[in-house]
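Dear colleague,

I am passing on the structure we discussed, and below it you will find an account of what turned up in it. Please look it over alongside the notes when you have a moment.

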Amino acid sequence: MGVVAVKIDLTAFEDTWIQSGTTLALTDKHGIIFLTAQPDWRYRSLDPLTPAVLADLQQTRQYGDIAQRPLRGQAGPQPATRMLPLRADQRDFLVQGRAIEPLGWRLMLFADPDQAIYQGQLAGALAGLAMALTLTGAGLGWQYRRRRAERLAARRELARVVAALEQRIATRT
């Protein structure tokens, strides 16, 4: 009995990630990145590997001669469905992960926190602008109604004065 191994080239898939400008990474059950939009992250682990895992990987040669070069210096929480701050390769990221259960893999999205801050500031500025426009519209509406009421009051007063004048003229003649 023999074993058949199939090697699939995923560089086209990886190139699509790179061209999209989105920093994505796919890790195996040990947390080793094997598919990524950051080529220098390939075959590196997110956290330091335990000696047992490192020995197993070196024995199976799944990734060739893998070395201990984790992206972050110490183990931390695994990225989940909500964004977590993470420092990797001397850069700060907001990371969101999703488990791919049948394979034990994890798909991770790395976002630039400066971009998130910029988007938050932009959203705040737009909300402020919307509030200013709403208040301006309300102020203009109030002013319009006040002037309209003044015009109606002036017309009524003019009609009253004209009626009084006509009555005075009628009583004189």
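Predicted model: local features only at pLDDT ≥ 70, side-chain atom pairs only at ≥ 80, totals over all residues.

**Charged residues and the sheet**

R151 lies in helix α3, which spans residues 113-172, and together with R147, R148 and R155 it forms a positive surface patch.

Two salt bridges are found in the structure. In one of them the side chains of R146 and E150 meet, with 3.5 Å from N to O; these two residues both belong to helix α3 and are four residues apart, about one turn of the helix. R146 is partly exposed at a relative accessible area of 35%, and E150 is likewise partly exposed, at 43%. The other salt bridge joins E157 and R160, whose closest N and O atoms are 2.4 Å apart. E157 and R160 are separated by about one helical turn, because they stand three residues apart in helix α3, and E157 is partly exposed at 39% relative accessibility.

Turning to the strands, six of them make an open sheet with antiparallel pairing, in the order β3-β2-β1-β6-β5-β4. Strands β3 (44-45) and β4 (84-88) stand at the edges with a single partner strand each, so one side of each has no neighbour in the sheet. Within the sheet, β1 (residues 23-27) pairs with β2 (residues 32-36) in the antiparallel sense over three bridges, and A25 has T36 in β2 as its bridge partner.

Note on methods: Residues numbered from 1 in each chain as written. Heavy atoms only, no water. Patch = residues over 30% accessible without salt bridge, like charges linked within 9 Å, V, L, I, M, F, W, Y side chains within 5 Å. Areas by Shrake-Rupley, 256 points an atom, 1.4 Å probe, with all protein chains shown as cover. Salt bridge = Lys/Arg side-chain N within 4 Å of Asp/Glu carboxyl O. Lys, Arg positive; Asp, Glu negative; His and termini not counted. Charge placed at Lys NZ, Arg CZ, Asp CG, Glu CD. Pairing = 2+ DSSP bridges. Buried < 20%, exposed > 50% of the residue type's maximum accessible area, 1.4 Å probe, protein only.
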